[in-house]
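Biologist: I'd like to learn how to read helices in a model. Can we walk through one together?

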Amino acid sequence: MNPAPNLILVGPMGAGKTCIGRRLAERFTLDFVDADQAIVEKAGASIATIFELAGEAGFRQHERQVLHTLLAGSGRLVSTGGGAVLDPDNREAISRRGFVVYLRVSVEAQLERLARDRTRPLLQRPDREQVLHEMATLRDPLYRSLADLTLDTDLYTPAEATAQLVLRLAGQWQRLDIPHE
């Protein structure tokens, strides 16, 4: 058993972190928090607007602050943004404050799942497939280094992925309720 105060989902966009995360949070009676949504609420602006006004570096600063606040608590399931792992401080906090589940997804499945999505700033380009491959090359080793558990979501519907994770988590993760830092 690997005790941790929070369950944290990492992985690329389109892996199912939000959809599967909501289901897992309900199953384990955890408070579900989508880190990107928390950033939007704190900043009072959409992610696209933050990117437009502050650039990716400005967005990452918002992300770092929000993520560290979220991870200071316990009893949460935190669905991180795909790029949260790029920051070494974020990786350290994620590793220290949670049991980390890496939801893997192939670029082919991402392209299919995100075909109609026009809200993600990093994909507002004609070379989406190349961008996704580049992100995977950079980020996959970071996701793997953090993961306590990995699930390839290509093969499953959200309900099936959730069922798989419930079974695996029951044997690998023990909820540890500790005081806030």
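Predicted model: local features only at pLDDT ≥ 70, side-chain atom pairs only at ≥ 80, totals over all residues.

Biologist: Which residues of α4 are buried?

Modeller: Helices are DSSP runs of H or I, at least four residues, and strands are runs of E, at least two, numbered from the N terminus. Buried means under 20% relative accessible area, exposed over 50%, partly exposed in between (1.4 Å probe, protein chains only). An α-helix has 3.6 residues a turn, so residues three or four places apart point the same way. Here N90, A93, I94 and R97 are the buried residues of α4. They sit on the same side of α4, because their arc around the axis (taken from the directions from the helix axis to the C-beta atoms) is only 100°.

Biologist: What covers the buried residues of α4?

Modeller: Look for contacts, meaning heavy atoms within 4.5 Å. The cover includes β2, α3, β5 and α6.

Biologist: Where does α6 bend?

Modeller: A bend is the angle between axes fitted to the seven residues ending at a residue and the seven starting there. For α6 (residues 128-146), that angle is about 40° at R139, and P141 follows within four residues. R139 is also among the buried residues of α6.

Biologist: And T29, buried or exposed?

Modeller: T29 counts as exposed because its relative accessibility is 62%. T29 lies in the loop between α1 (17-27) and β3 (31-34), and has a positive phi of about 50° although it is not a glycine.

Conventions: Residues numbered from 1 in each chain as written. Heavy atoms only, no water. Expected span 1.5 Å × (residues − 1).
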